[in-house]
Amino acid sequence: MNQTIPPNAGPKKDDKPDRDHAMFDAELSGNVLNFQLLKRVLTWLVPYRLSLWVSAALVLVASFAAVLMEVVISRVLVDYIIVGDANSPMPDLGLIALTQQLEETFGLPALYVAGGLFFVLMSIVALLGHWHRLTLIDAIVKALRDLRQDLFAHLESRPSSFFDRVPVGRIMTRVTNDVEALYEMLRGLGSLVGEFVPFFVALTIMLSTSVELTLILLLLVPVVGSATYFFRQASREIFRQVRNSVSGLNQFLQENLSGMQVVQLSQRQDQNRAAYTEINRLNLEQENRSINLTTYYGAFNDSLASIGLGIIIYYGGGSVVQSEMSLGGVILFTRFMNMLFTPVVLLGEQLNVLFRAMASGERIFQALDWDEQIREPSHPATLPERLEGRVEFRGLSFGYSKDTQVLDNVSVLIEPGKKLAIVGPTGSGKSTMIRLLGRFYDFPDGMIFLDGIDLQHIPSRSVRRRIGVVLQDFHIFSGSILDNITLSDPLITRARAIEAAKMVNAHHFIEALPEGYDAPLVERGANLSQGQRQLLAFARVLAADPEILILDEATASIDTETEQLIQEGLQRLMQGRTSILIAHRLQTIQEADHVMVLELGKVREYGTHQALIAQGGLYKTLHDLQFQELSAEVTPPGLVPE
Amino acid sequence: MKALLRLVPYIARYRWQVVVGFVGFFLARFFEVSTYYGVALGIDAIGALVQEESLPFGLEIWEIVVGIVSAVVLRFIFVSRARRAFRLVGQKVSFDLREQLFASVLVQGPAFFGRIGVGDLMTRAIQDISLVQRLIAFGLIQVVIMVYAPLFGMTAMLFKSVSLTVLILPLLPILYFYAQYVATQMAESSQQVQESLSMLAAHTQENLSGIRTVQAQAQEENEIKRFFQTNNQYASAFYEQARINSLMTAWTPWLTALAQLGIIVYGGNLVLTGALSVGDLIFFLACLNMLLQPIRMAGFFITMVARARVGVERLCEVFDAPPEIIDRPTGEAPSAISGAFVFKEASFTYPGAVAPALSDLNFSIQRGESIGIVGRVGSGKSTLLKLCTRLLELNEGAVELDGVPIDNYALAQLRSQIAQVLQDPFLFGEPLSANISYDDPERALDLIWDAADAAALRETVLTFPEQMSTLVGERGVTLSGGQKQRTTLARGLIRNAPVLILDDCFSAVDTETEEHILSRLKRLRAGKTTILVSHRVSTLRHTDRILVLEGGRLMESGSHDALLAKGGLYAELERLQTQGQRPDYEPELV
C-alpha cells in the first residue's frame, strides 16, 4: 500500500517533483484487509465515541433480551409449564424462579406470566434495537460527513497543476461514491457487532446446557466459513469479469449514441450491431457463471442450519433419555440455530463489502494525502493597502512538466495603469504568463515582481485578491446572478454588486430579467448569451476591486449591440488598473499601450501597434493573416501550428 | 399493469425455464415444511421417550432424522435449481432488451435524440433494463413466495389446529398494511436521499469545474462553508432514511412476536389440555415465519413492480418510436452519384420549433463545383448540409440529386458516396487509425496515412509514441480541438467520395494550417463536388461559388469577386474581417 500512496514528504524546496498524476486514476491495490486504513477511518468516529458506547450497550441489552425470549419458550413454557419439570439442571437464567414469584405475587396462572414476560422482552428487543441502530447510524453519518468535509476542503486548495491533469469526474467520485462505500463498510461492521453479540450470548447458554452438542453444532460453522471463503475466491474473478463486461456494454452504447450521426454516415450500423451483440453475449455468459455460483452458495448456507436441526434431534433424543437434557433444552437448541448461523453468513457478505470499501478508503486517503500545493512564503511580505500596479516579468522560463518548455526567458515591464496586449499563436505561452502571475503554478526559473516585491514572497491568496482575472471560459455557478457576481463573498454587499454591474453595462440586461439580480442561473450559464456572460464576469471582477486586471478575451462571436457594451464595460474595468490582455479583437489590441508578440514561449516583438506594423515582422504577418489585409496565401515562416 | 404485459412475449421465449422455476419452488417449499414437520415429530418423539409413551407413528428418532436430512437435501436441490432458472430468464430477457434497444436507436435521427437525450437513453439501457431483470429474477420469486408460503404455512397450521390458526389471522392484514405504509415512506425518503445526493454531486462537480475561478478570487474558505450546508443536508436526509428503515426493522419483528405470544399463551393452553403436542407448538412457531414472510416482503415487492413498470414504459417508448428516416429506394437512382444537387422550394422546421430553420430555398449545385456556405449561427447552414445525406428530412419542397429525388436513393448508397464531416468532431474510443478509417475497418494503413497527410495530421500523429495505434477518447490520449477536427476531416477525406461536405471543420485549426489543408484539398478534389461551411472569408474565397444564408433564407450567391462587387452582406463581412472595424454584421471570426 505504501507504494500506491505518494510519499508524505512535501515537495523538496528547490526541485519540484514531477508527479505522476495518472496515479490518481490508477486502480489501487484494494481487496486486501488493511487494518491501518481501517484504523484511520475510525479516527473520524472518535468525536462520536460516546454514541458508539451507548449504541454498544443498547445492543448488548437487546441481544440478551432476544435470547431470553427463546428461554421463555423452551424452558419456562415447555419444561416448567408443560412438562412440569422445574428442577432440571438446565440453565434458565432465573426465569423459572421469576415466573414462580410473579405467579404468587399476582395470583396469575403460570402461562399468562410467561406470556407477560415474553411481551416485555420482545418490546425491549424492538425498542433498544431501534435506539441502538439510531445512535450507531447517527455517529457514522456524522463521522463520514466530517470526512467528506475534510476531503472537500483539502481538494479545494490543491493547485492548478493538480486540476490540469486529474479529470473532475475522478475527483468527484472520491467525494461521493468512495465516501458512500465507507458508509456501507462502517454500517456493515456495526450490524456485524449487532449479530455477533446474540451469537455469543446464545453460545454461552448453549455451552452451559450441553457442551458436547454445542461443539458438534459449532463444527458446522467452519463449513459455512469455508463455503464462504471458496465462494469469495471463485466469485471475485467472476464478479470482476461481470463488471468489466457491463462497463464494456455501457461504454460501447454511450459512444454509439453520442456519435450516432457518424455511425449512420459511415454506414456502420450492421457492423456495430454485430459488435454490440458480441459484447452483450459475453456479458450474458459471465452473468450466467455468476448466477450458477451465487444460487448454490446461498441455498447451501441456509440448508446447513436445517441440517443442524437434524443433529439436535438425534443428539437430543439420546441425552434426554439419559436425563442429561430436558425437552426444553432440545427446543432451546433448535431455536438458537439461526442466531448461530446468521452472523457467520453475514460475516461472509460483510467481508465483500469490507474489501470493496478498502479500495475506496485507499482512494480517499490518497486524495487526502495528496500534498501537491503552491509553495507559500515562510516569511510573507506585507503588501501596501493599495498597490500601484507595476508588474514585471524578469527572465521567466516555465514548463508544465520537465520535458516541455512553454515560456523561455520572458521579460517585460508594465508600468502602473498601462495596458499590455499579448498576441501569439496557440501554444505560444500567453495563458501561461497570466497563470504564473496569478500564482497558479510555482516557477523555479525567473521572477515576477508586483510593485517591486518578489511574487514568491507574497501568499498566493493575497496575490489573487489583488489580481482580477477574466478567463475565457469563465465559470458560472448555479445560483442567482447576485451570487455569481459576489461569488457568495460576504464582504461584497448587494449594493456594491449592483454598482459593479452598472459600471460594466451588465445592469441593463439583469434588470430586464423577471427576477433581476435574484434570477437563477443554471450551471455554465446556459440561460445567458455569450456576451451577457462576459459582462457578468466583468462585474464579478469589478466587485472584487482588484488593482491589476487580467483578461483572456473571448474568441466567440457576440452580437453587435452587446459587443459595444462589452467594449465600454472593458474600458471602465481597465480604468486606473494595470491591465494585461490576451487579445483577439483588433480593437482591443489597438487600444493597448504596448503589444507583446509571443511565439513558442519567447518574446519575439514588443512595441506599440503602429510601430510593430511598421516593423513588418511576425506581428504584421499574424495581423494580416487574421485580418486578411493581404492575400491569405502567405504562410509565415517558422510558424508551427499548435 | 398494461406496461408489464409487454414483457410477456420476452419471458415467453424462455417459458420452460419459468416452468422449471415454479415447479422447483413448489417442491422446495414442500420439503421446507417437511423439515419443520420432521423437527416437530422429533421433539414429540423425544417427549414420548421421556414419558415412556409410544413413539408418534412408531418412528424411531434416527428414522425421523434421516427424514429431516433428506428433506433438507431435496430442498437444497430444488431451490437452487429454481432460483437459477428465474435468474437466467432475467439475464436472457435483459440480453434481448439490450439488443432491441440498440437496434432501435440505430435507425433514429435528430428528432428522436432531441426528445430523448444520450444520458436519458443510457439510463434506460442501464437502469430500466436492470429493473426488468430484477423484477424477473427476484420478483418472480416473490410471487412464488406470496403464493406458496401462505399456502403451505396455512395448510400445515390448519391441519394442526384451526382455532390457533384463526387466532393469529387478524395479524396478517395489520402487518400487510404496515409493510405497505413503510414502503411508501421508504420510497419518499429514499427519493430525498437521491435528491440530496445528486445535489451533493452537482455541488462538488460545479465547484471543481470552477475551481480556477474560486481560487482566482480567493474564495476557497467561503466555498468550503457553502459545501458544508449541502454535505450536512445529505447527511440529514440519509439519517432520516436510516431511521425509517430502522423503525421497520424494529416493528415488523415486534408484530411477529405478538403472533408468537398468541401461540405461546393460547397454544400453551391447548398443549396443557392435551389438544396439541409440544412438537406442534414448535411447528406452529416455524410455520408462522413462513406465513409472514411474503407480508414482510410486500412493501419491497410493491416498490419493485412499480419501478419496473415505469422502466418498461420507458423502454417501450424507445422500441415503439418509428424510424425517423424511411429508407425506401425506388431503384430508379443512378448507381454512381456525381453530386449535382437541386433544391426546390426546400423548407425545414425542427420538430417543436416555431420558426423554420430553412425556408423556401432554391438553388442548384453543379457536379464538380466547390461551394462555400456562410451565415451567422442559426442561419441554417448545418441543417442544409444534413439534408444532403438525409440525416434530416425535408418538410416541404424537394431535393434532387443527379436529377432524381433524393428519397429514391438507398440510404446506404447516399451515405457511402457522400462523405460528410460534421461540425462536432466526434471521436470513438478506438485507435486513431480506426477513427480515421471508420467506414471501413479493413482499409490498408498507408491509405490512412495518406488521409492524415491530406488533413495535415501526420506531424501530430508522429509525436504520439504509438502513432496510428494511439487510443483516443476518454481512455486514451486527449486531443486538442484542432487535432480532433483534423482527425474527423481525415475520416471524411479518406473515402475519396464523389461528394464531400465539410461543416465548419476548421474553426479550431490555425489559420496557417487551414491554408495548408485547403490548398491540398483543391488539388485532391478537382472535378468533384465539395460543399463547405466556413466563417472565414479566407476559406470561402477558395470556393467556386458562395451561398450566404441568413435566417434560413438564401440571401446571396456568387463567386467571391462577384459578391464583393455586389456590395451586400458578404462584402460587409469581408470588410469587417479585413479591417477589424465595429461589425454591423456579426463576424464569427477572430
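Domain 1 of chain A and domain 3 of chain A have C-alpha centres 56 Å apart. In chain B, the centres of domain 1 and domain 3 lie 55 Å apart. These values come from a predicted model.

| Chain | Domain 1 (residues) | Domain 2 (residues) | Domain 3 (residues) |
|---|---|---|---|
| A | 33-209 + 352-373 | 211-324 | 391-627 |
| B | 1-160 + 303-324 | 162-275 | 341-579 |

In each chain, domain 1 is written as two segments, and domain 2 as one.

**Chain A overall**

Chain A holds 22 helices and twelve strands. Of its 642 residues, 42% count as buried. Contacts between residues at least 6 apart in sequence were also sorted by separation in chain A. Of these, 78% join residues at least 24 apart.

One residue of the chain can be followed in detail. N34(A) sits in the loop between α1 (22-25) and α2 (35-43) of chain A. N34(A) and L396(A) are 362 residues apart in sequence. In space, their C-alpha atoms are 46 Å apart.

**Two helices, checked for length**

Helix α11 of chain A covers residues 269-321. At 1.5 Å a residue, its 53 residues should span 78 Å, and the end C-alpha atoms are 78 Å apart, so the two values agree. After α11(A) comes S323(A), with a positive phi near 60°.

Helix α18 of chain B, residues 511-524, passes the same check. Its 14 residues should span 20 Å, and its end C-alpha atoms are 20 Å apart. Which residues of α18(B) are buried? They are T511(B), E512(B), T513(B), E514(B), E515(B), I517(B) and L521(B). In an α-helix, residues three or four places apart point the same way, because there are 3.6 residues a turn.

**Where the chains meet**

How many residues of chain B are in contact with chain A? There are 117, and they touch 117 residues of chain A. Helix α10 of chain B, residues 220-272, gives the largest share of the chain B side, with 29 residues. By type, the chain B side divides into 64 nonpolar, 32 polar and 21 charged residues.

**Nonpolar cores**

The largest nonpolar core has 214 residues. The members that touch the most others are V72(A), A114(A), V132(B), I282(B), C287(B), A455(B) and A490(B). Take V132(B) as an example. Leaving out residues up to four places away in sequence, V132(B) touches L7(B), V93(B), S94(B), L97(B), A308(B), G311(B) and V312(B). A second, separate core has 72 residues. Its members include I481(A), L521(A), L528(A) and I580(A).

**Strand β1 of chain B and its partners**

Strand β1(B), residues 341-348, is joined to strand β4(B), residues 396-401, by five bridges. This pair runs antiparallel. Within it, F343(B) stands opposite V399(B). β1(B) is also joined to strand β2(B), residues 358-365, by five bridges. That pair is antiparallel too. Here V342(B) has S364(B) as its bridge partner. In a regular strand, side chains alternate between the two faces of the sheet.

Key:
Residues numbered from 1 in each chain as written. Chains lettered and ligands numbered in written order. Predicted model: local features only at pLDDT ≥ 70, side-chain atom pairs only at ≥ 80, totals over all residues. Helix = DSSP H or I, 4+ residues; strand = E, 2+ residues; numbered from the N terminus. Expected span 1.5 Å × (residues − 1). Buried ≥ 20, exposed ≤ 12 C-beta atoms within 10 Å, placed from the backbone. Contact = placed C-beta atoms within 7 Å. Nonpolar A, V, L, I, M, F, W, Y, C, P; charged D, E, K, R; others polar. Core = buried A, V, L, I, M, F, W, Y, C linked by C-beta atoms within 7 Å. Domains from an automatic or database assignment. Pairing = 2+ DSSP bridges.
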